[in-house]
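This briefing sets out the overall build of a single protein and then turns to selected residues. It is arranged by topic for quick reference.

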Amino acid sequence: MNQQADVQARRRVDFDRLCAGLDRIRERVHVGVIYNGDRTQPGAVIHEGRNLRSEKSYKYVAEDIAAGLRQAGFRRVSLLPDDLTLPGRLREEEIDLAWLNTAGVQGYDAIAHTPSMLELSGVPYIGHRPLLSLTLDSKHVFKRECQAVGLPTPPFMVWDGVRGRLEPETDPRFQAIFGGHQGAYVVKPVVGRASQNVFFVPDRAGLSEIVDRVYAESLDQVQIETFMGGPEYCVAISGPLVVRDGAPSLLKAPFAFSVLERLVDDGEPIFTSMDIRPITADRVRLLTADDPAHAGLVDLARRVHDDFQLRALVRLDIRADTDGRLSILEANPKPDLKRPDGEKISLVCAGLEAEGMCYEDLLLSLLLDRLGHYLRHRPTVVQHIAALL
């Protein structure tokens with residue numbers, strides 16, 4: 001048996017084990033869905049700091065996830081705020097498995113705080129491990145890693161406002177990276193959410209002012225990259241265990257789905273923040289397998305999944321140049337999992353119907369895929385769950 005076949009065989013054993021014990025998991029495993037806590041509440045933190053993201057609890061999404069898990073048959077599901085009370089509540093409520101729907105409460109590396117806390121506590125979770133959370137969430141770090149493994153991404157540089165004002169015409173790093181580029185740029189904070197403080201700059205003459213503006217808003221490093229003039233896309237990628245119509249199956253490759261083109265209006269060169277203009281069905285176009293861009297988008301998503309050793313859901317934002325060549329813009333390590341309500345949509349959930357899946361199928365897919373990885377590669381962390389199987 002070759003190595004790949006051996007891996008598939010071992011996955012199949014764990015998959016069969018999960019399927020056989022699924023009813024007991026639903027009945028007995030206590031899942032804690034964690035959302036951003038409020039640092040102004042008593043006991044949430046010791047001293048209030050600053051969150052680089054705009055304030056958002058994601059509680060309403062956590063409520064959708066919790067309700068979806070209950071609809072999928074889980075009997076014991078709780079909502080927990082992400083703050084300093086979390087370790088005590090995990091112990092008191094005997095949480096067996098956590099679901100991370102939080103980007104952290106405060107600080108520069110907030111998205112890594114809760115997975116680090118869970119690692120220390122020995123509580124298994126659905127989400128990315130601390131270092132990977134930071135890598136995916138820090139746009140410049142993710143792009144550097146993409147460059148290192150040969151994944152296409154637009155040329156970029158990072159400017160730190162503590163160095164003073166960016167002077168494109170005289171800065172040697174700017175000249176080395178962008179050279180004679182006379183086209184447009186995109187300026188954004190290296191950490192953020194919902195496309196906030198992301199600006200299209202038509203030429204380098206306007207860069208200094210916009211970089212200063214983004215730095216003043218974020219007090220963090222600012223990323224400058226060349227603007228890609230073609231269509232903008234996104235694609236979700238998760239592990240190979242997929243549930244359709246309540247029935248689990250095991251694919252031979254990571255599951256790439258909701259392959260979408262994000263539709264922009266005339267005079268809207270980049271996608272407007274969802275906080276300003278909510279994402280609705282008329283703002284996206286679901287691509288089918290016969291669309292010219294579909295295969296390339298799926299291939300990039302699977303390469304990211306393998307090269308970054310993903311163990312949880314990611315949504316990739318990808319853009320083409322005017323010749324159709326695809327480049328990865330950024331990754332979203334905590335994509336919106338809000339249940340579709342018929343008006344506003346989630347980019348991850350927009351293509352579920354075409355996959356023969358519902359919202360509960362997606363949640364169960366993510367949970368079982370992550371649990372299967374624990375059983376194969378980190379069995380000591382899930383001994384309490386394995387005992388049920």
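Of the 389 residues of the protein, 53% count as buried. The coordinates are those of a predicted model. The secondary structure comprises eleven helices and 15 strands.

**Overall dimensions and contacts**

- The radius of gyration of the protein is 21 Å, which agrees with the value near 21 Å that a compact globule of 389 residues would have.
- The C-alpha trace spans about 65 × 55 × 45 Å along its principal axes.
- Among contacts in the protein with a separation of 6 or more, 68% join residues 24 or more positions apart.

**Nonpolar cores**

- The largest nonpolar core holds 58 residues, of which Leu 69 and Trp 99 touch the most other members.
- Helix H10, covering residues 359-377, gives the most to this core, with ten residues.
- Apart from this core lies another, of 26 residues, which includes Cys 146, Tyr 233, Val 259 and Leu 300.
- When residues up to four places away in sequence are not counted, Trp 99 touches Gly 32, Val 33, Ile 34, Ile 65, Leu 69, Ile 126, Leu 337, Leu 363, Leu 366 and Leu 367.

**Ser 78, a buried strand residue**

- Ser 78 is placed in strand E2, which runs over residues 76-82.
- Ser 78 counts as buried because its relative accessibility is 15%, and the cut-off for burial is under 20%.
- Leaving aside residues up to four places away in sequence, Ser 78 touches His 30, Val 31, Gly 32, Val 33 and Glu 93.
- Gly 32 and Val 33 are among the residues touched by Ser 78, and Gly 32 and Val 33 are also among those touched by Trp 99.

**Pro 292, an exposed loop residue**

- Pro 292 is found in the loop that lies between strand E13 (284-286) and helix H9 (294-307).
- With a relative accessible area of 82%, Pro 292 is exposed, since exposed residues are those over 50%.
- Pro 292 and Gly 351 are 59 residues apart along the chain, and their C-alpha atoms are separated by 18 Å.

Note on methods: Residues are numbered from 1 along each chain as its sequence is written. This is a predicted model: local features need pLDDT of at least 70, side-chain atom pairs count only at pLDDT 80 or more; totals for chains, interfaces and linings use all residues. Side-chain values use heavy atoms; hydrogens and water are left out. Helices (H or I, at least four residues) and strands (E, at least two) are DSSP runs, numbered from the N terminus. The radius of gyration is taken over C-alpha atoms; the globule rule is 2.2 Å times the number of residues to the power 0.38. Buried means under 20% relative accessible area, exposed over 50%, partly exposed in between (1.4 Å probe, protein chains only). Contact means heavy atoms within 4.5 Å. A nonpolar core is a set of buried Ala, Val, Leu, Ile, Met, Phe, Trp, Tyr and Cys residues joined through side-chain atoms within 4.5 Å.
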